Amino acid sequence: MRSGSSELLLEQQQQELRLRKVKELAPVKKNANKVQRTWREKANFYVTSTLAFFSVTAGASLLFLVPLYVDPAISTLLFDFIDKPTLCTTTRREDLLGIFNCSWSSCREGCTSDMYRCTHIYVTYIDSTTYNLTLPALSDFTNQTTWTHLANYTELQPQSEEATLQVNIKGCGYPPSVKCRNFTDTYGIEGAIFPCYFSRFNKTVVMTSYNRDDQVSMIVNFFVVPFIITLISSVALCVLHCDCRCKRERHIRRRGLNRRPRIENLSDSSISTRVDMLTPAIEVYKQPL
């Protein structure tokens, strides 16, 4: 009986040891070590994430919006086009091939690739700054009587020197706003008469459409607004996570730590006396030759 009871005790002890080892080796629950965040830490996290998102998104958008929209809009305003349209007449059209012949184009789909095929459209126009010109509504241009009247009118008015016709100030764009096939088919016919806008800054540049308010709104929407968002979000992130304030006490402490101890009595007499006092001691401990 004693041997049987001792065996039972040993088995119980072994089971207890096994259970302890299993508990020790068991993975600790994640919730046990999870630290509860305060409402301030949570608010700081969400505010930081939102500001970082707006800062990165607005800053990255400037890289694409400035060359595609802002730069052409600024160039268009600098060329100072007339506000009211005048009449243009197509004089000739040239379809050229080769990169050396295509330094510019009246219309091109895509502004980054090299041109191997281009179309040059040349026009003459009535200088509306010199002659008072009143054009009919654009809806009336489909009327054959209006076209005949305009053709007779342009023949009687003095024409300007030959100028280049462009779809916009850069002469290029992307669909659907710019479709070069429709542009060349409409304005590339010799003798075609249509309303146009010439530049006061360079009278050899002519465009088919121009609106100053659209150019200004493009600059505001595609540059000013993203720039302000990037600036405000960046400043807010700096205030939240960086010590942007200049503390005077901190500078004073740093100056005190970096300052070397001041040595008094640096006169020649004090230095010489100290040297004289040290000389006998050096001679006493001088090693014999």
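## Strands, rings and pockets

Tyr-122 has Thr-164 in β3 as its bridge partner. The model is predicted, so local features need pLDDT of at least 70 and side-chain atom pairs pLDDT 80 or more, while totals for chains, interfaces and linings use all residues. Residues are numbered from 1 along each chain as its sequence is written, and side-chain values use heavy atoms, without hydrogens and water.

Strands β2 (residues 117-125) and β3 (residues 163-166) pair in the antiparallel sense over 2 bridges; pairing requires at least two DSSP bridges between strands. Helices (H or I, at least four residues) and strands (E, at least two) are DSSP runs numbered from the N terminus. β3 also pairs with β5, in the parallel sense and over 3 bridges, with Leu-165 opposite Val-206 in β5.

The ring of Tyr-122 has the charged end of Arg-92 over it, 3.8 Å from the ring centre. Such a placement requires NZ of Lys or CZ of Arg within 6 Å of the ring centre and within 35 degrees of the ring normal.

The whole structure holds 12 aromatic pairs. Rings of Phe, Tyr and Trp (its six-membered ring) pair if their centres lie within 6.5 Å; planes under 30 degrees apart count as stacked, over 60 as edge-to-face and the rest as tilted. Phe-81 and Tyr-210 make a tilted pair, 5.5 Å centre to centre with 40° between the planes. This pair links distant parts of the chain, 129 residues apart. Phe-81 is buried at 1% relative accessibility, and Tyr-210 is buried at 10%; buried means under 20% relative accessible area, exposed over 50% and partly exposed in between (1.4 Å probe, protein chains only).

Two pockets are set out below. A pocket is an open set of points on a 1 Å grid over the protein atoms alone where a 1.4 Å probe fits, with protein on both sides within 12 Å along at least five of seven lines; lining residues have an atom within 4 Å of a point. Volume is the space filled by probe spheres set on the points, which are joined across faces, edges and corners.

| Pocket | Volume |
|---|---|
| Largest pocket | about 790 Å³ |
| Second largest pocket | about 260 Å³ |

In the largest pocket, α3 gives the largest share of the lining, 7 residues. For the second largest pocket, the largest share, 4 residues, comes from β1.
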